[in-house]
Amino acid sequence: MQNISSGGYTFTLTGGEEDFNVSLSLKQSATGIIRLNMKLQSDEPRTPGTMELTWKLPVIDVFASWHPGFYRNKRLRVDWENGFRSKATSSAPVCVLYGFQGNNKMTFAFSDALNPVELKAGIHEETSNFLCSVKLFQDQSSPIQSYEATLHIDTRDIPYEESLADVQRWWSTMPGYEPSPVPDTAKLPMYATWYSFHQQLSAEAVERQCEMAKALGCEAVIVDDGWQTADNARGYAYCGDWDVFEGKIHDMRAHVDRVHEIGMKFLLWYSVPFVGKHSNVWPMFENKLLGKIEDLGAGVLDPRFPDVREYIIGTYENALRDWDLDGFKLDFVDSFNLTLASDIEGRDYESVPEAVDRLLSDVMSRLRAIKPDIMIEFRQSYIGPLMRKYGNMFRALDCPNDALENRSRTLDVRLLAGDTAVHADPLMWNPEEPTENAALQLVNTLFAVPQVSVLLDQLPESHLRMLRFWLSFWREKREVLLDGRLTAKHPELVYPLVTASDDNEAITAVYADIVANPGSRIPKTWFVVNGTLNDRIVIELEESMGERNVVIRDCQGQVTATYKSVFAMGLHPIAIPPAGIAVFEA
C-alpha cells in the first residue's frame with residue numbers, strides 16, 4: 001500500500017508491490033487541477049495483479065454524475081455497485097460529479113484509454129463520502145515490464161461542459177492519441193440505408209433515394225449491411241469474404257460511379273471483427289479467434305495474428321481502390337474481447353488492446369495513404385480518445401424513431417468529441433406521423449450531423465418540405481451548431497435546454513415545457529427552436545435584449561409572424577409553432 005496527499009485529498013494505491021517497483025508523484029496547479037502520476041517497473045516482464053487507486057470526496061452540492069456510458073441514467077451511484085469500465089474500443093475513462101446548477105464538483109479522468117480500466121464514484125452511506133477509484137489490470141493476460149499513467153482531477157467551480165472539454169484536449173495532446181483530421185463532408189448531412197432498407201437493398205433503389213436526398217441537402221450516402229450477402233436474417237454467418245452479392249448490386253464500381261455522378265460521396269459498411277461460419281475464409285481463420293458468438297453464427301477474429309490484421313486491412317484497401325469509395329462505416333469493433341485464447345503459434349502481440357490499436361491505426365494510415373480525405377465512422381460506445389485517432393466520425397448508438405434517446409446520445413458524444421464529427425443515429429419515422437412530430441426527429445439532434453434513413457419517395461409532401469427546411473437551416477448554421485461554444489443544461493433531465501454560440505450568433509433549443517434562461521450577453525442574432533409540441537416557449541432574460549426584429553417560422557419553414565418589439569429583463573412568452581423556430585435580430 002502507498003499513500004500520497006495533496007489539496008486535501010489522500011490517494012491510496014493497493015496491489016502490485018510484490019512484483020513491481022511502484023512510485024507515485026503529484027502536481028497541483030493553482031487553479032485546482034491535480035495530476036497524479038504512477039509508474040511501475042520490474043526487472044523482467046510480469047503479469048500484474050489487480051491494482052486500485054482510491055480517494056474520497058465529501059458529498060456536498062453533488063447532484064448527479066456523468067460518464068459516457070451512463071446514457072439517460074445520470075443518478076449517483078453507491079459504493080457497493082460495480083464501477084464503469086472502458087478500453088480503447090469502448091467508452092472512455094472519465095467521470096464527472098456535478099451540482100444542481102451544472103457546476104463541476106469533481107471531474108476525474110485517466111490517461112490510459114487503451115487498456116481495460118474501471119472507474120468508480122460511489123456514495124458510502126455511513127460517511128456521506130464518495131469513494132472514488134481507478135482499478136487496473138483486472139483482465140490483464142499479457143506480461144509487462146513497465147507502465148506509466150496519470151490520473152487527472154479537476155475540482156474547479158466551472159460548468160461541467162468546460163471540465164470535459166479540458167479532458168478531451170488533455171487526451172488529444174498525448175503521444176499516440178492525436179485525433180485524425182476531419183474532411184468537410186464528414187460534417188454535412190448524409191443519407192443512410194439501414195432503417196430505410198435494412199439488408200433488402202438494391203443499387204437502383206439506393207440511387208433513387210440518393211437523387212432525392214441530394215436535392216434535400218445530403219452530401220453522402222452510407223450503404224449499410226446487406227450489400228455482401230443474399231441472407232436477410234441480420235445474422236453474420238455469411239460475412240467475412242466481403243464479395244458483393246450481385247443479386248443486389250450487380251456492379252459495385254458502376255454503382256459508386258452513379259452515386260458520384262449524383263454529387264454524393266459513398267461510404268460502405270463492414271463488420272470489422274466478424275467472420276461467418278458459412279464464409280469461404282472460415283477454415284483459414286477458425287483457429288485464430290477471440291471467441292464465437294453462436295447466435296450470430298460468427299467468430300471474432302484475433303488481431304494478435306499479423307495475417308488476420310493484413311486480411312482485414314487488405315480488404316478495405318482493395319475496396320477503396322477497386323470501387324473508389326470515400327469512406328467506411330466500421331462496425332462492432334467493441335467485440336474484440338478475449339474470451340477464447342488462440343493457442344497456436346504465429347501471434348506477434350500478447351495484448352489484445354495493443355493488437356487492436358495496431359490494427360485500427362494501420363487501417364487509418366494505410367487508407368489515408370490512398371485517399372487522404374477518407375471518412376471512417378464508428379458507433380457509440382466506441383467513442384473514446386483513441387477512437388478519434390482511428391476515425392473521424394462518431395455516431396450515436398442505435399435508437400430508431402427515438403428522438404429523446406438520440407438527443408441524449410448525440411450530446412453525450414459531443415461533450416468529449418472535440419473536432420471529431422458527431423452524427424445522430426439515422427433519423428426515421430412513420431410516414432403517417434404529423435409533420436411536427438416527424439420534425440422533432442431532426443430538432444432533437446440539432447447539435448449533431450443529421451443522417452436521414454427513410455424512404456423519401458414514400459413521404460408526404462409536407463414531410464419533404466420539413467426536411468428541406470431543417471436541413472437547409474442546419475447546413476447554413478452548421479459552424480455554430482458543431483463548432484460553437486456548447487452548453488447542455490441538466491444532463492440528468494436529458495438536456496432540456498441546449499445552446500451553441502459564437503460571438504455573433506446563438507442557437508438555443510428548448511426541449512421541455514420549462515422557462516428557458518439563455519444567460520447574459522445574448523448576441524445580436526439569437527435563434528430559439530421549439531423542441532416541443534407546445535405552441536409557445538417562455539424565455540427569461542437576465543438583462544434587456546433591447547429592440548429586436550422577430551421572425552417566426554413553423555417546422556416547414558413557413559413564416560407565421562414578423563414583428564418588432566422591445567424585450568426587457570424578465571419573462572416573455574413567445575408564440576412559436578411546434579418544432580418551429582424564432583429569430584431575434586438586433
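Contact, as the word is used in these legends, means heavy atoms within 4.5 Å. The views come from a predicted model, in which local features need pLDDT of at least 70 and side-chain atom pairs count only at pLDDT 80 or more, while totals for chains, interfaces and linings use all residues. Residues are numbered from 1 along each chain as its sequence is written, and side-chain values use heavy atoms, with hydrogens and water left out.

View 1. Asn129 belongs to strand S12, which covers residues 129–136; strands (E, at least two residues) and helices (H or I, at least four) are DSSP runs, numbered from the N terminus. With a relative accessible area of 17%, Asn129 is buried, a class that means under 20% relative accessible area, whereas exposed means over 50% and partly exposed in between (1.4 Å probe, protein chains only). When neighbours within four places in sequence are left aside, Asn129 is in contact with Lys56, Leu57, Pro58 and Val59, and also with Gly122, Ile123 and His124.

**View 2. Tyr160 in helix H1.** Tyr160 is part of helix H1, residues 160–172, and counts as buried because its relative accessibility is 1%. A polar atom of the Tyr160 side chain lies 2.6 Å from the backbone oxygen of Ala488; a polar contact is a pair of N or O atoms within 3.5 Å, where, within protein, one must be able to donate a hydrogen and the other to accept it, and residues adjacent in sequence count only if both atoms are side-chain atoms. Apart from neighbours within four places in sequence, the residues in contact with Tyr160 include Val96, Tyr98, Gly102 and Asn104, as well as Leu415, Pro491 and Tyr495. Leu97 and Tyr160 are 63 residues apart in sequence, and their C-alpha atoms are 8.4 Å apart in space.

**View 3. The buried face of helix H4 and the two ends of the helix.** In H4, which spans residues 252–262, the residues Met252, His255, Val256 and Val259 are buried. Seen down the axis of H4, these buried residues fall within an arc of 95°, so they line one face of the helix; the arc is that of the directions from the helix axis to the C-beta atoms. The elements that cover them include helices H3 (203–216) and H6 (306–323) and strands S15 (220–223) and S16 (265–271). At the N-terminal end, Asp251 caps H4 through a side-chain oxygen that lies 3.2 Å from the backbone nitrogen of Arg253. After H4 comes Gly263, which has a positive phi near 105°.

**View 4. Packing of helix H3 with helix H4.** The two helices pack at an angle of about 15°, with their axes 10 Å apart; axes are lines fitted to C-alpha atoms, for helices over the stretch in contact, and angles run from 0 to 180 degrees between N-to-C directions. H3 and H4 are therefore roughly parallel to each other, a description that applies to angles under 35 degrees, with those over 145 roughly antiparallel, 65 to 115 roughly perpendicular and the rest oblique. From H3, the residues Ala203, Val206, Glu207, Cys210, Glu211 and Lys214 meet His255, Arg258, Val259 and Ile262 of H4. Glu204 also has its place in H3, and at 52% relative accessibility it counts as exposed.

**View 5. Packing of helix H6 with helix H7.** H6 and H7 (residues 352–370) pack at an angle of about 20°, and their axes are 10 Å apart. That angle makes H6 roughly parallel to H7. The residues that make the contact include Ile312, Ile313, Tyr316 and Leu320 of H6, together with Leu359, Val363, Leu367 and Ile370 of H7.

View 6. Most residues other than glycine have a negative phi, and most peptide bonds are trans. Trp242, in the loop between S15 and H4, has a positive phi of about 60° although it is not a glycine, and Trp242 is buried, with a relative accessible area of 10%. Asp324, in the loop between H6 and strand S20 (327–331), likewise has a positive phi of about 60°, but Asp324 is partly exposed, at 25% relative accessible area. Gln380 and Ser381 are joined by a cis peptide bond with omega of about 20°, and Ser381 has its place in the loop between strand S21 (375–379) and helix H8 (387–390).
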